[in-house]
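Subject: Structure handover and notes

Dear colleague,

I am passing on the structure we spoke about, together with my notes on its sheets, helices and a few single residues. Please read the notes with the model open beside them.

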Amino acid sequence: MEIQFGVAKVAKYATRESGDTLELIERPHGGLSAVLVDGQRSGRSAKIISNIVARKTISLLGEGVRDGAAARAAHDYLLTHRAGRVSAELQIVSADLRSESVVISRNTRCPALIVHEGRFRRFDADSRPIGVHVDTKPVIVELPLRCGTVVAVFTDGLSCIEEACPDDASLEGMVMRAAQEHLSAQALADMLLFRALEVEEGRPSDDISVLAMVLLPNTVPHKVRRLLASFPV
């Protein structure tokens with residue numbers, strides 16, 4: 001099996017810096033975790049907040065802390081650091097080889113879109129952003145690690161698609177297409193982002209970040225691992 005992560009993100013129109021942060025780390029017991037954080041507001045102030053949360057979460061995951069505990073610790077840290085005055089939306093997507101599971105942790109209003117064993121699932125259980133309310137905790141779903149699994153998570157800038165696009169152009173339609181056509185994770189992330197940019201006529205009204213994970217049959221010779229980043233400035 002090949003685990004793929006793909007990311008596509010863009011800043012709000014006329015804003016130089018996105019307030020979203022995404023980090024990827026190898027899990028110490030095997031597998032990968034991706035952390036996506038949307039800081040309150042946009043621009044530089046939001047970027048500072050999302051960086052704080054992402055760094056804290058990634059450092060804990062790298063030490064072997066479980067996803068839910070890492071999300072709670074990041075909340076406690078932000079709540080203490082900023083005295084409950086700012087919030088962030090935090091999402092963690094993991095392929096955990098020790099438990100042989102896909103783990104999705106959400107502290108966000110945005111749903112996670114999942115195709116697992118051929119069925120589409122919208123994981124949208126109520127959850128709060130971190131950093132404000134003392135009793136905040138993540139909502140978590142855990143699924144067996146299976147070939148053909150597709151997961152897409154995103155920040156709220158992508159909601160423009162659901163507001164404007166019915167049927168096959170909807171988020172559900174595009175995620176199902178990715179599963180049926182065995183698209184790469186990067187192809188799915190790009191497809192969702194580019195559709196949002198079409199809807200927004202090239203001028204996104206909010207930061208947009210898309211994180212996709214797909215599990216495909218392994219066709220990579222010698223089990224070579226690769227990581228690619230593209231960062232226009």
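Helices (H or I, at least four residues) and strands (E, at least two) are DSSP runs, numbered from the N terminus. Please bear in mind that this is a predicted model, in which local features need pLDDT of at least 70 and side-chain atom pairs count only at pLDDT 80 or more, while totals for chains, interfaces and linings use all residues. Residues are numbered from 1 along each chain as its sequence is written, and side-chain values use heavy atoms, with hydrogens and water left out.

**The sheet with β1**

Five strands form an open sheet in the order β1-β10-β9-β6-β7, and their pairing is antiparallel; here two strands pair if DSSP finds at least two bridges between them. At the edges are β1 and β7, each of which pairs on one side only. From one strand to the next the twist averages 15°, where axes are lines fitted to C-alpha atoms, for helices over the stretch in contact, and angles run from 0 to 180 degrees between N-to-C directions. Within this sheet, β6 and β9 (residues 150–154) run antiparallel and are joined by three bridges, with Ile-114 standing opposite Val-151 in β9.

Helix α4 (residues 171–180) packs on the sheet, where it touches β6, β7 and β9, and its direction makes about 35° with that of β6; contact means heavy atoms within 4.5 Å. Helix α5 (residues 185–199) lies across β1, β9 and β10 (208–216), and runs at about 20° to β1.

**The pair α4 and α5**

The two helices α4 and α5 pack at an angle of about 155°, with their axes 10 Å apart. That makes α4 roughly antiparallel to α5, on a scale where angles under 35 degrees count as roughly parallel, over 145 as roughly antiparallel, 65 to 115 as roughly perpendicular and the rest as oblique. Their crossing is right-handed, a term used if the near helix is turned clockwise from the far one by less than a right angle, with left-handed for anticlockwise.

On the α4 side of the contact are Leu-171, Met-174, Val-175, Arg-177 and Ala-178, which meet Leu-188, Met-191, Leu-192 and Arg-195 in α5. By class, the contact of α4 with α5 has seven nonpolar, no polar and two charged residues; Ala, Val, Leu, Ile, Met, Phe, Trp, Tyr, Cys and Pro count as nonpolar, Asp, Glu, Lys and Arg as charged, and the others, Gly among them, as polar. The buried residues in α4 include Leu-171, Met-174, Val-175 and Ala-178, where buried means under 20% relative accessible area, exposed over 50% and partly exposed in between (1.4 Å probe, protein chains only). After α4 comes His-182, whose phi is positive, near 55°.

Further along, α5 contains Glu-198, which is exposed, with a relative accessible area of 54%. The C-alpha atoms of Glu-198 and Cys-160 are separated by 10.0 Å, the two residues being 38 residues apart along the chain.

**The sheet with β2**

Another open sheet of five strands has the order β2-β3-β4-β5-β8, again with antiparallel pairing. Because β2 and β8 (139–144) stand at the edges with a single partner strand each, one side of each is left without a neighbour in the sheet. Direction ignored, neighbouring strands of this sheet are turned by 10° against each other on average. Strands β3 (residues 31–39) and β4 (residues 88–96) run antiparallel and are joined by nine bridges, and Val-35 stands opposite Ile-92 in β4.

Helix α1 packs on this sheet and touches β2, β3 and β4, its direction making about 15° with that of β2, while helix α2 (residues 67–81) lies across β3, β4, β5 (101–107) and β8, running at about 160° to β4.

**Single residues**

Lys-47 lies in α1 (residues 43–62) and, at 13% relative accessibility, counts as buried. Leaving aside residues up to four places away in sequence, Lys-47 touches Lys-9, Glu-17, Ser-18, Gly-19, Asp-20 and Thr-21. Lys-47 and Asp-20 are 27 residues apart in sequence, yet 6.2 Å apart in space, C-alpha to C-alpha.

Ala-14 sits in the loop between β1 (2–10) and β2 (20–26) and is exposed, with a relative accessible area of 75%. Glu-117 is in the loop between β6 (112–116) and β7 (119–123), and counts as exposed at 56% relative accessibility.

Best regards
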